[in-house]
Amino acid sequence: MLIHKEFTIDQIHDTLVEGIKTYFANCKVKRAILGLSGGIDSAVVASLAVRALGAENVHGFMMPSEFSTLHSIQDAVDLAENLGIKYEVVTIGEIYKRFMKELEPVFGLHNKWSVAEENLQARIRATLLMAYSNKFNALVINTSNKSELCMGYGTLYGDLAGAIMPIADLYKGDIYELAYYINSDNEVIPQSTLTKAPSAELHPGQKDSDSLPEYSVMDPLLYAMNEGGKTAEQLIKKGADKAVIKRITELMSKSSFKVHQLPPILNISSKPVGYKEKWLL
C-alpha cells in the first residue's frame with residue numbers, strides 16, 4: 001500500500017534515481033557498495049542504484065551470520081544476478097565469535113543475550129562495508145526506511161551508517177509498492193523477497209513484528225503524525241488503538257537521539273525523519 005499518496009510511484013522512483021545520480025556526481029564518486037540481506041529494503045536500494053549508476057558501478061556484500069537463513073542468502077544472490085552486479089559473500093560468524101570471546105571478561109561467562117549482541121553484528125557488517133569503501137573509493141549506500149527510523153529500529157554505526165540514505169523518507173508500505181513498480185517489466189526483485197516476513201535476522205526466528213507494531217497498522221499512523229501533523233490524542237479520538245499509539249510514541253521518544261546522527265537523506269516529503277521529535281502521549 002502506497003503511504004505517500006500525494007505522489008505517484010513513478011514520481012517517487014524517478015526522484016530517487018535522479019537523487020542518487022546527482023549525489024554521486026557531486027561527490028565525484030562513481031562506485032557504490034551496499035549490503036544485500038535478501039530483504040526488501042536492500043533489494044529496492046540496489047535496484048535504484050543500478051538504474052542511477054549502472055550495474056558496473058554497484059557492488060554488493062552478502063554478510064551472513066549463523067542467524068541468516070539460507071533462503072535470504074539465495075534471495076540476495078538471485079537479486080545480484082538479476083541486476084547484473086558483482087557481489088561478494090563475506091561471512092561474519094567467526095569475526096563475531098572473536099569479538100564475543102574478547103568481551104567475555106567484560107560481559108561475564110554467563111552473559112545473557114541482549115541487544116548488544118544484535119548491534120555488534122550490525123557494526124561488524126558496517127565495518128566491512130566501510131573497508132571496501134575506503135579500498136575501492138566507493139560510497140556506502142544505506143538501506144534503512146522511514147518506518148524503521150521513526151521507531152529507532154536501527155543500529156548507530158551499524159546499519160544506520162552510510163554516505164546516503166535513498167529510501168529513508170519512504171515508509172515500509174511505500175517500499176513494497178516501489179518493489180512492485182521495479183518488477184513491472186520483468187522480475188528483478190525475487191518473489192520470495194516480496195512475500196516473506198521482514199526480519200533483521202540477528203537472532204533465531206526474529207521478525208520485525210517482534211519489536212514493532214505491524215507495518216500495515218503502524219505506517220498510516222506514522223504518516224498521520226508526521227506528514228499529517230496529528231497528535232497522539234487526536235488519533236486515539238478517531239479510533240486508533242491506544243496501546244499501539246502508546247508503543248509508537250514511546251519508541252519515538254526513546255530513540256530520538258539517533259536522528260541527529262543519520263547520513264544525508266534523499267527527501268521525498270517536506271517532513272523527513274527528525275523534523276519533529278515529540279509526539280508524547
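At 58% relative accessibility, Glu-94 counts as exposed. In this predicted model, the side chain of Glu-94 meets that of Lys-97 in a salt bridge, at 3.7 Å from N to O. The count of salt bridges comes to seven.

- Glu-94 and Lys-97 both belong to helix α4, three residues apart, about one turn of the helix.
- Lys-97 is partly exposed, its relative accessible area being 46%.

**Salt bridges between distant parts of the chain**
- Asp-41 pairs with Lys-172 in a salt bridge whose closest N and O atoms are 3.0 Å apart. The pair links helix α2 (residues 40-53), which holds Asp-41, to helix α7, which holds Lys-172, across 131 residues.
- Asp-41 is buried at 9% relative accessibility, and Lys-172 is buried at 3%.
- Asp-75 and Lys-196 form a salt bridge of 2.8 Å, N to O. Asp-75 lies in helix α3 (residues 70-83) and Lys-196 in the loop between α8 (191-195) and α9 (215-226), 121 residues apart.
- Asp-75 is buried at 5% relative accessibility; Lys-196, at 19%, falls under the 20% limit and so is also buried.

**Salt-bridge network**
- A network of salt bridges links Lys-146, Asp-169 and Glu-227.

**Packing of α4 and α5**
- Helices α4 (residues 93-107) and α5 (residues 115-136) pack at about 135 degrees, with axes 11 Å apart, and are therefore oblique to each other.
- The crossing of α4 past α5 is right-handed. Among the residues making the contact are Phe-99 and Leu-103 of α4 and Leu-120 and Ile-124 of α5.
- The contact residues comprise nine nonpolar, one polar and one charged.

Technical notes: Residues numbered from 1 in each chain as written. Predicted model: local features only at pLDDT ≥ 70, side-chain atom pairs only at ≥ 80, totals over all residues. Heavy atoms only, no water. Axes fitted to C-alpha atoms, helices over the stretch in contact; angles between N-to-C directions. Helix = DSSP H or I, 4+ residues; strand = E, 2+ residues; numbered from the N terminus. Parallel < 35°, antiparallel > 145°, perpendicular 65-115°, else oblique. Left-handed = near helix turned anticlockwise from the far one by under 90°. Contact = heavy atoms within 4.5 Å. Nonpolar A, V, L, I, M, F, W, Y, C, P; charged D, E, K, R; others polar. Salt bridge = Lys/Arg side-chain N within 4 Å of Asp/Glu carboxyl O. Buried < 20%, exposed > 50% of the residue type's maximum accessible area, 1.4 Å probe, protein only.
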